[in-house]
Amino acid sequence: YEIDATTGAIREKSSEPLKNSGNTGTSGSTGSGNTIGVEQAKEIAVRHAGFTVSDVVFSKAKLDHDDGFLVYEIEFLKNGREYEYTVNALTGAILEFESETHR
C-alpha cells in the first residue's frame, strides 16, 4: 500500500503471490483445457475492483506466463484510473493487482 502521510488515504495498492504452485499448464486463452478463459478472467478482475464488465474499458487481456504461472494479464480503465490485474489462468486467483491515476 502507498498511503498519503498527511491524510491517511490509500493512494495505491498492489499484491504479489507468496509462492509458486508449480502448475503451469499450457492451454489456450479460450477456456478450453485447464484455463478459466479470458472472459472469466476479465469478470474476476473487474468484480474485485467493484465494477462490472460493462462499466469499464479494457486496454489489455492476454494469456501469458509470469514467474512459472500461466496467467491472464488484464488491464482496464474506469473514471480516470488504470487497473492492472494478473489472474491465475488455472484457478482464477488474483496474483497481483494495482491501480493508479491514468495520465
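Colleague: Why does Asn 88 count as buried?

Modeller: Asn 88 has 6% relative accessibility, and buried means under 20% relative accessible area, exposed over 50% and partly exposed in between, with a 1.4 Å probe and protein chains only. Asn 88 therefore counts as buried. This is a predicted model, in which local features need pLDDT of at least 70 and side-chain atom pairs count only at pLDDT 80 or more, while totals for chains, interfaces and linings use all residues. Residues are numbered from 1 along each chain as its sequence is written, and side-chain values use heavy atoms, leaving out hydrogens and water.

Colleague: What makes Thr 86 buried?

Modeller: Thr 86 has 11% relative accessibility, so Thr 86 counts as buried.

Colleague: Which residues does Asn 88 contact, leaving aside its neighbours within four places in sequence?

Modeller: With contact meaning heavy atoms within 4.5 Å, the partners of Asn 88 are Ile 36, Phe 69, Leu 70, Val 71, Ala 93 and Leu 95.

Colleague: Which residues touch the most other members of the largest nonpolar core?

Modeller: Tyr 72, Ile 74, Phe 76 and Tyr 85 do, out of 18 residues. Such a core is a set of buried Ala, Val, Leu, Ile, Met, Phe, Trp, Tyr and Cys residues joined through side-chain atoms within 4.5 Å.
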